[in-house]
Amino acid sequence: MLRHLTAASLLALGLCGATWAQDKAPAAAPQAPAATAPGAPAASPGIQSANIFDIRPDASTDPNYAKQNNGERARVQPGNNAPMWRQVSGGVTGFTSLPKSQAPEAGNLIQPFVQYPGSSYTTAGEAWRQVRNNWLIPYGGALLLIVLGAIALFYWRVGMIKLHGQPTGRKLERFTPFERSAHWANAIAFSILAISGLVMAFGQFILLPVMGSTLFGWLAYVLKNAHNFAGPVFAVSLLIVIITFIRDNMPAKGDLNWLLKGGGMFSEHEVKSGRFNAGEKVVFWGGVFVLGLVVVASGLVMDKLVPGLVYDRSTMQIAHMVHSVSNILMIVMFMGHIYLGYVTEGALEGMKTGYVDETWAREHHELWHDDIKAGRVPAHRSPQPAPGTTAHA
Ligand code: HEM
């Protein structure tokens, strides 16, 4: 990042220096015809000069080009370097010592002007900025607020989801230590990514006016680095979570019925389900598998970690938009997941200790409970003995 900023600043300084040098040139000096170095590719008019310093008149695009570039503008309006910027935004390629493999577009100070259907004539960078600020930020923010409001409303009307029966004191192993480690590594990395990502996206509108630029600058700097470090932890733990939980998230016979009845959420009893119910399976396939992998893939593109890709601006802009949309969707899905984990009495205990009471298993995952009771599924899977026993159940 710093490297790119430095490169961009140097290029900008170089361009300003070029204008300055050009403006200081004797006004009467005729514009030298463009000399093309032997072996250099022929430049198409006004667009692909081999060097930004080699600015030549281009009557095809602007009849005043020659007048403006030969120092007349500098005499009439000192300091006005509009002609140079017109060329820069026209796609003129400048000189840079950065290797082409690492910075394929470093010679182009800004993206050329383009016209998108239904939009005004603008640079691609400005179009991306408008998509970010006029679409992703307001609609993404609205979606987050709507889901937060819906969760608050749900909590107000339904409240905690308590056990109906008395706990038996007999425990069943719901998650092995390996499953819990994978889950919590992923959940912690996700929380760091979600908080830092939200501050990067919305902070300038919400926190900056309150905190001021110095404090917000430091906060954004710290969180941006935290985001970069949590990303790979999330990627690796996500793959482990997918492999660990995929088997019990495979579609089963009663899933459609569960979904159609909303899990029985508004009735006295939950609809019967296996180890994971259809709601959890939707979160697994939609949130963990599809969105998780899209978020990780687009994040790796933005970190320039995908070999063989050309990291030009448009690739980064597309990766950013895919990353933002999939992230917001993933965050709202996991807001629901985290909420249910907290309000369902005994669920969090299962993910913290690995064990749930038999009553919990019967009320929330009756088919899984029955499978254990019938011996079709082992009641205990981890190498450590169950609490309160010395041998495996
Ligand atoms: C940060 C806060 C989180 C909390 C408090 C939380 C809580 C829980 C709880 C209590 C369970 C057990 C549910 C049950 O016994 O049926 C669970 C299961 C699970 N969680 Fe989380 N979780 C969090 C974040 C995440 C994240 C970020 C992911 C993945 C991206 C995730 C993926 C899973 C999976 C795959 C399961 C197994 C159930 C299923 O396959 O749907 N969790 N979580």
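**Ground rules**

Residues are numbered from 1 along each chain as its sequence is written. Because this is a predicted model, local features need pLDDT of at least 70 and side-chain atom pairs count only at pLDDT 80 or more, while totals for chains, interfaces and linings use all residues.

**The chain as a whole**

Let us start with confidence. The pLDDT is the predictor's confidence in each residue, from 0 to 100. Its mean over the chain is 82, and 78% of the residues reach 70 or more. Residues 1-60 have a pLDDT below 50, and beyond near neighbours in sequence this stretch has 63 contacts in the model. Two residues are in contact if their C-beta atoms, placed from the backbone, lie within 7 Å. Where pLDDT is low, the predicted coordinates should not be read in detail.

The chain holds 13 helices and four strands. Both are DSSP runs numbered from the N terminus, with helices (H or I) of at least four residues and strands (E) of at least two. Of the 393 residues, 22% count as buried. A residue is buried if 20 or more other C-beta atoms lie within 10 Å of its own, exposed if 12 or fewer, and partly exposed in between, with C-beta atoms placed from the backbone. Among the contacts with a separation of 6 or more, 65% join residues 24 or more positions apart.

**Around the ligand**

How many residues surround the ligand? The shell has 23 residues, and the closest are Ala187, Phe190, Glu280, Gly341 and Met351. Two or more shell residues come from each of helix H5 (177-206), helix H7 (213-245), helix H9 (278-302), helix H10 (313-343) and helix H11 (347-353).

**Two packed helices**

Two of those helices, H5 and H7, also give residues to the shell, and they pack against each other at an angle of about 145°, with their axes 7 Å apart. The axes are lines fitted to C-alpha atoms, for helices over the stretch in contact, and angles run from 0 to 180 degrees between N-to-C directions. In the contact of H5 with H7 there are 19 nonpolar, nine polar and two charged residues.

| Pair | Apart in sequence | C-alpha distance |
|---|---|---|
| Tyr339 and Ile151 | 188 residues | 7.7 Å |
| Leu144 and Ile331 | 187 residues | 8.2 Å |
| Leu172 and Pro378 | 206 residues | 9.4 Å |
| Ile161 and Met265 | 104 residues | 9.4 Å |

Tyr339 sits in helix H10. Tyr339 counts as partly exposed because it has 17 C-beta neighbours inside 10 Å.

Leu144 lies in helix H4 (residues 124-158). With 16 other C-beta atoms within 10 Å, Leu144 is partly exposed. Setting aside neighbours within four places in sequence, Leu144 touches Ile328, Ile331 and Val332.

Beyond its neighbours within four places in sequence, Leu172 is in contact with Tyr355, Val356, Glu358, Ala361, Ile372 and Ala379.

Ile161 belongs to the loop between H4 and E3. Ile161 is partly exposed, with 16 other C-beta atoms within 10 Å. Its contacts, leaving aside neighbours within four places in sequence, are Val343, Thr344 and Glu345.

**A backbone detail**

Lys304 is worth a look for its backbone: it has a positive phi of about 60° although it is not a glycine. Lys304 is placed in the loop between H9 and H10. It is partly exposed, with 13 other C-beta atoms within 10 Å.

Methods. Near = placed C-beta within 6 Å. Nonpolar A, V, L, I, M, F, W, Y, C, P; charged D, E, K, R; others polar.
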